[in-house]
Amino acid sequence: MSVATVKEYLKQFNLDEKVEEFTESSATVELAAHAAGVIPAMIAKTLSFKVGDHAVLIVTSGDTKVDNRKFKDKFGMKAKMLTPEEVVEYTGHTIGGVCPYANPEGKTKVYLDESMKRFDMALPAAGSSSSCVRLTIEELERSCPGAEWADICKLPDIAE
């Protein structure tokens, strides 16, 4: 997949013009925050896990980590991230560009973590390791039809 594929997907929501491409890498939360000029917590990282015969994508704030107890309570199993090969198979994107958009139909289920509601804006990747989509939380929700809000991640301790 590519940024062009994500832009085409986002056209149906009139959000394709919100895709930003960078000359520098945005493959990690820190790099993406630097490239986009925001704090890391506003980066909407998409974590991918294997659950049964499909993938679960958890779109969460850049400063969170999956809470293993919450994950097990929600999905009935221990969190197991996809391998790099499975990431491409289940999401259509490579690591660094994984996003909740233009994923192969029937292979993924998207969850939006409650941690993102702390902000007015979220910036998920847009299909490459040097892109993002700058969206309001409402636009993020609208552009992920069928996604479910869930409390799966934990916020960092203030002491961290």
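Guide: The lining of the largest pocket divides into 15 nonpolar, seven polar and one charged residue.

Visitor: What makes a residue nonpolar, polar or charged?

Guide: Ala, Val, Leu, Ile, Met, Phe, Trp, Tyr, Cys and Pro count as nonpolar; Asp, Glu, Lys and Arg as charged; the others, Gly among them, as polar. This is a predicted model: local features need pLDDT of at least 70, side-chain atom pairs count only at pLDDT 80 or more, and totals for chains, interfaces and linings use all residues. Residues are numbered from 1 along each chain as its sequence is written, and side-chain values use heavy atoms, leaving out hydrogens and water.

Visitor: How does the lining of the second largest pocket divide by class?

Guide: That lining has eight nonpolar, five polar and three charged residues.

Visitor: What share of the chain counts as buried?

Guide: Of the 160 residues, 51% count as buried, meaning under 20% relative accessible area with a 1.4 Å probe, protein chains only.

Visitor: Which share of contacts joins residues at least 24 apart?

Guide: A contact means heavy atoms within 4.5 Å. Among contacts between residues at least 6 apart in sequence, 64% join residues at least 24 apart.

Visitor: What box do the C-alpha atoms fill?

Guide: Roughly 40 × 40 × 25 Å, taken along the principal axes.

Definitions and conventions. Buried < 20%, exposed > 50% of the residue type's maximum accessible area, 1.4 Å probe, protein only.
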